[in-house]
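Subject: Structure handover

Hello,

Here is the structure I promised to pass on. My notes on its charged side chains follow below.

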Amino acid sequence: MKMFCTLLFTFILSSCGGSGSPSVPDNTPLPSPVPVDNVPDSNTFPGSSWETSDPSDVDMTQAGILEALNYAFESSRNTQGVVIIRHGVIVGERYANGKSKDSLATSWSTGKSFASALVGIAKEQGFIDSIDLPAENYLADWANSDKSEITIRAILEMRTGLAPASRGDSNIYTFGGTNGDQLAYALNRSPRTTPRTDNWAYQNTDSMLLAGILEESTGQNVRDYADIQLFSKIGMTADWWTDEAGHAMTYCCIDATTRDFARFGLLFARNGRWDGEQVVPADWVAESITVPSGTSNQYYALQWWVSPSGGYFYSAGLHTNNIYIFPDLDLVVVRNSLYSKIGDSSIRSGSNYHSTLEPGDWNNTEFLSYITNAITN
């Protein structure tokens, strides 16, 4: 799993530094369980708030949960929040000093997985006929250009074959693109290799193209479409940042609480179903976490990372702002880094930006093994 982290941090955008509160002591107890009416199971969903259960109620040991939390909150790891969900209830939760369940965290590139989910919803609703269509059908700037072979699927797979943008891929965030229009910055690239050949390259500018595709296909701003078709369906409150031209930054930058990020994880753990409603099509969930054939990266699907040997898939953001999903175990784990929002707006500009702290010596396998080993049945 160390290879995952190395690969991820090599490609994703750089954060602006910042400061945060120190982590809580290792002996912080688990939250007091709230009695539940029935034994939690795979049909249990949170209402307006989450229920908290003793780990033993969902066949887990408290000792294993505490080991995971203690690992995450070593002072060098700069963790803001961790939430562990099994069978739809919280069985482990902790926050840094000065932070709480109500504190906002940020997604960084975990936002890519949200954008992927929206593409699946738009396809189900008939706004997108097929992800194998040329992206130029929904990106007017590409019409009748040398990019006609690039499909929506190629974009989702990070296999467009496009060269990096003129100022570099990470500078889509740093400089705000062209006159504050990050979509224009992402569109203005030249083909370098044939799409969907052995040319996987992690590019934020590829994911930013999804904003244009969703806007054109649905006729709605991505923020509004996400609120109506996704966030409100699962009881999630989220603030998706935009560039100065009003385009949602579909490669990153959703602010929400750690608990609300867990709602999205639970949605995918349950194959896109939420309390009786199919929010994301089940076939899209399956497709979006299936690594395509012919790719040089055997761990990346449609804006999701996949760990075949670990039995889970996950959305991964800079500085380990991650959502880990174990569908066979009905288990969701969210980890967020210490976050400071600079400025008073969610429009990315020189005075409004994100700042998170990188965890030192973080290992997904070690962290998650404490949790999975805590499962007794």
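Which residue forms a salt bridge with E157? The partner is R159, with the closest N and O atoms 2.9 Å apart; a salt bridge here is a side-chain nitrogen of Lys or Arg within 4 Å of a carboxyl oxygen of Asp or Glu. E157 has a relative accessible area of 2% and is buried, and R159 is also buried at 2% (buried is under 20% relative accessible area, exposed over 50%, partly exposed in between; 1.4 Å probe, protein chains only).

On provenance: this is a predicted model, in which local features need pLDDT of at least 70 and side-chain atom pairs count only at pLDDT 80 or more, while totals for chains, interfaces and linings use all residues. Residues are numbered from 1 along each chain as its sequence is written, and side-chain values use heavy atoms, leaving out hydrogens and water.

The whole structure has 13 salt bridges. One of them joins R259 to E93 at 2.7 Å between the closest N and O atoms. R259 sits in helix α9 (residues 258-269) and E93 in strand β2 (residues 89-95), so the pair ties together parts 166 residues apart in sequence (helices are DSSP runs of H or I, at least four residues, and strands runs of E, at least two, numbered from the N terminus). Both R259 and E93 are buried.

K233 and E277 also meet in a salt bridge, 2.9 Å from N to O. K233 is partly exposed at 31% relative accessibility, as is E277 at 36%. Finally, D132, R153 and E287 are linked in a network of salt bridges.

Regards
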